[in-house]
Amino acid sequence: MTSKEKVAALREEMQKNNVDAFIIYSADPHMSEYLPEEWQERAWLSGFLGSAGFVVVTKDKAGLWTDGRYFTQAPIELAGSGIDLFKDGMEGTPNYIDWIISEIPVSGKVAVNALATSHANWELLFEKLNAKNITLVDNALLKNVWKERGEASKNPIYTHPVERAGKSVVDKIAAIRQKMESLEVTVHVISSLDDVAWTLNLRGSDVESNPVFLGYIIITKNDAILFTGLEKMEVEARKQMDEAWVKMMPYEEFYNHLRTIKNEKVLVSPNSNQSIFEALKIGNEFVKAAVPGNLMKAQKNETELEGFRKVMVRDGVAMVKFLYWLTHNAGKETMNEYSIGQKLKGFRAEGENFVGESFGSIVGYKDNGAIMHYSAKKEGSKDVTNDATILVDSGGQYLEGTTDITRTFAWGTASEEFKTNSTLVLQGLIRLSMVKFPKGTRGVQLDAIARLPLWMNGKDFNHGTGHGVGSFMNVHEGPQNIRKDLNPQELLVGMVCSNEPGYYVEGEYGIRHENLIAVKESETTTSGTFYEFETLTFCPFFKDTIAKEILSVEEINWLNDYHRTCEEKLAPHLEGEVKEWFLELVKPL
């Protein structure tokens, strides 16, 4: 079926159930950003493949709400679907709940699938709809429309040993129980997949590019229970759970078990799905707060940071070999955006302990570079020659850590406009890399530093400057970030973030430069404790797209020092023509 036909089939189900509006969030029962195939409902219905966004369908209208990363991509993928694009966060774009209220009858009915709806969204919906006498119901309408969805993965669950995790399962659960005690709660439910995997030092591959597995954890004062596919547990994984006194139960028993919990004070994240709250709401008291392990996970210990440092050398070597191949073979052999991404994956696969990509490579040639989260399809992606600009955003999953890097360059002589814009973006990256900031600083306070060179020239970009990154875990990780939004989470020692300012000219080119950075303590003065960033990524920037006159002396010195470090780290692992090319690339500006 086409998207238009799928929407029509959904409307038939809505009519059968007397539903006036149905909301399809981009979510699974674990509120994941990247979804198992069988839960990619919004993508299946609409054709829009971005990682963020949701669709609302009424009896005669349909809309997709998504953020600035996808304003270019979404109209292309929605074409012919009958689904209109609503640019979330832009002036004039209506709030989706207000839009629903304006589109459906008084005393109407709105449905969602509670399994794929966060409690926070449910509460907001209920409050606003109830005020207008509109009923909110749980109804998984798409189960009767999308009948040929895949089944849950049967991939193995394996250990992430303490030698790489830096902290044992016993110690992690003890730290969580200590937080539970301070909150005076007796039961804690963990449903987010990365938090489940981190807590138990386990990994899997149930979600593409994310080393996680489908599972839930319930922790009480005396017990810890993992609900997952028991047949998937490797022998060592079972042994690790036994040694940590973690009980194991089938994944399917989770909600039945929740219903047996009575007269308890339960800690559960408001971002957990609504079905969890429904199962627990009779006879229990809720404490709605972030999963304690989420912040613990974000603050990497020294073992994890050392893992990052090791894989960054491995990843940097792969990137240099790839960039040499790309710059020297484009125009000589047939290639396209998709095949380039596969070639890059091949270079990474040569590295020790490579598990897979940390996300699908974003290879944007010419105007496709302006599509911020562009995904080149196997069939029909753009042919690449050596006559324009290209943006390559990619990353790898290694047993010791996760990488995420972007480099943008131009073949031949870059236009002065491109060089200027590329330098302004690089200047933002350098300034953020150099910054020193007091303890207690939030990401929003640093975001402007990376944007300032662009802002001073009347330019900006429609995505965050930085996101958290996991340790052999999801490439997007919270609770910290560096972006315009007011996130109250302060940056803490050990947090790893991306540093990725950009600039995009729709229909022409895109520019993004990205390294990973880690928060570390700098000094303590009479004014307090100050932090700075350690740059983790090792891969040179292309000097022929830099307008040197734009950069300050301090910024040039930073770049030269960075390239000197790249040489120290990577040169011993390179040889022949690749090494000669690399050594030219890292010469001082």
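Two strands pair if DSSP finds at least two bridges between them; helices (H or I, at least four residues) and strands (E, at least two) are DSSP runs, numbered from the N terminus. This is a predicted model, where local features need pLDDT of at least 70, side-chain atom pairs count only at pLDDT 80 or more, and totals for chains, interfaces and linings use all residues. Residues are numbered from 1 along each chain as its sequence is written, and side-chain values use heavy atoms, with hydrogens and water left out.

Let's start with an open sheet of 3 strands, in the order S15-S18-S19 with antiparallel pairing. Strand S15 (354-357) and strand S19 (401-402) are at the edges with a single partner strand each, so one side of each has no neighbour in the sheet. Between S15 and strand S18 (residues 396-398) there are 3 bridges, and glycine 356 has glutamine 397 of S18 as its bridge partner.

Finally, look at histidine 513, in the loop between strand S26 (509-512) and strand S27 (515-525). Histidine 513 counts as buried because its relative accessibility is 4%. Beyond its neighbours within four places in sequence, its contacts (heavy atoms within 4.5 Å) include Thr406, Leu426 and Phe541.

Methods: Buried < 20%, exposed > 50% of the residue type's maximum accessible area, 1.4 Å probe, protein only.
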